[in-house]
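Here are a few friendly notes to read alongside the model. Take them one point at a time and find each element as you go.

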Amino acid sequence: MQKNNLTRRISAIQLLCLSWLVIFFSGQLQADNVISKTGTKKPAFELVVLGDTGGIQDGNLSAFLLRDINEQHYISLDAGTLVNGINIAQQHNAFADLTVIQDPQWSTTGNILRQHVKGYLISHGHLDHVAGLLISSPEDSAKPIYALPSVNQTLIDTYFNWKAWANFTNKGLPPRLNQYQLVDLVPKQSQTITDTSLKVTAFSLSHPLESTAFVIEKDQDLFVYLGDTGPDQVEKQGKLKALWQYLAQQLQHKHLRGLVIEVSFTNQRPDNLLFGHLTPKWLIQELTQFHTLIDDKSKIKDLQVIISHIKYTMKNGPDPREQIKQQLNQGNLLGFKFVLATQGQRLHL
Ligand SMILES: [Zn+2]
Ligand SMILES: [Zn+2]
């Protein structure tokens, strides 16, 4: 009789443990599926990471897809890796909420790139930001490329010139295949992005050649993508400050949902070898500048700062990604929410 009671009690405890495990793991799965949400607010944007490194590892170079959460059309922020990134993102279920248009002539990857990516925003002409665009162009659909004039000029001078690659654009050396319409952005002037509800405003950034920050806007919500950039104190051009001032002003009546910014090297990298890039120390210094300009600090309390462009290395030694993660956490006195971008990841912001 006593033994029976004991068995019953043990089964009840087992059942309780099991149900806790179920609750725990279903929570985990949900957390994995949608990586993050901005507080309790409904998300405004979806971001898919197609490539997270800043070089060395082909197949995983700077590229992100962004869409208004209520639309089926993305824009591509840089395009270092496209097809491989879309394949990996599919393996991670990153397009779970997208109703992919099924043209039977094309694979799902083909349909996502051809039907759902409505334009490219290219920050600068370095190969790790455009390789995917060049390589996939023979099977891509017609769409615009939005960039500052010097960036578009680099694209036609350096790549779409019938030497490095065929001229798929509507400018530069004839014959022009007219697949990509090059749209010159005027700095600090808002421009609509065709086939989407988004608008973009471009800001010049300091790098060995001109780079760009894109402020993407959908009604009252903002998202910012920065291409490669050095810190103002090293570059001495005040370009990041101009961006922070603009954003601080916008934040008086708008919401900043997310920010993609680079950290290429660890803090061990000396300033004279930065070549227009950031380290954890310099990123935190820049974000602190931004923070001081904002009147109502609660406006950026939940802001996700998504770290891109960590330089992959083939050298033996400590993993730079782990080091950068540690250094960001150590220096994070203002409580910024850092997320290290991972290829295939989807974020709701
Ligand atoms: Zn780069
Ligand atoms: Zn670069």
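1. Start with L222, which stands opposite L256 in β11. These strands, β10 (residues 221-226) and β11 (residues 255-262), pair in the parallel sense over 5 bridges. Two strands count as paired if DSSP finds at least two bridges between them. Helices (H or I, at least four residues) and strands (E, at least two) are DSSP runs, numbered from the N terminus.

2. A word on the source: this is a predicted model, where local features need pLDDT of at least 70, side-chain atom pairs count only at pLDDT 80 or more, and totals for chains, interfaces and linings use all residues. Residues are numbered from 1 along each chain as its sequence is written, while chains are lettered from A and ligands numbered from 1 in the order in which they are written.

3. Now the sheet: 7 strands form an open sheet in the order β7-β8-β9-β10-β11-β12-β13, with mixed pairing. Because β7 (191-192) and β13 (337-340) stand at the edges with a single partner strand each, one side of each has no neighbour in the sheet.

4. Next, look at β5 (residues 143-147) and β6 (residues 180-184), parallel strands joined by 5 bridges. Here P144 stands opposite Q181 in β6.

5. Which residues of α5 are buried? They are V151, N152, L155 and Y159, where buried means that 20 or more other C-beta atoms, placed from the backbone, lie within 10 Å of the residue's own. Seen down the axis of α5, the buried residues fall within an arc of 100°, so they line one face of the helix; the arc is that of the directions from the helix axis to the C-beta atoms.

Technical notes: Buried ≥ 20, exposed ≤ 12 C-beta atoms within 10 Å, placed from the backbone.
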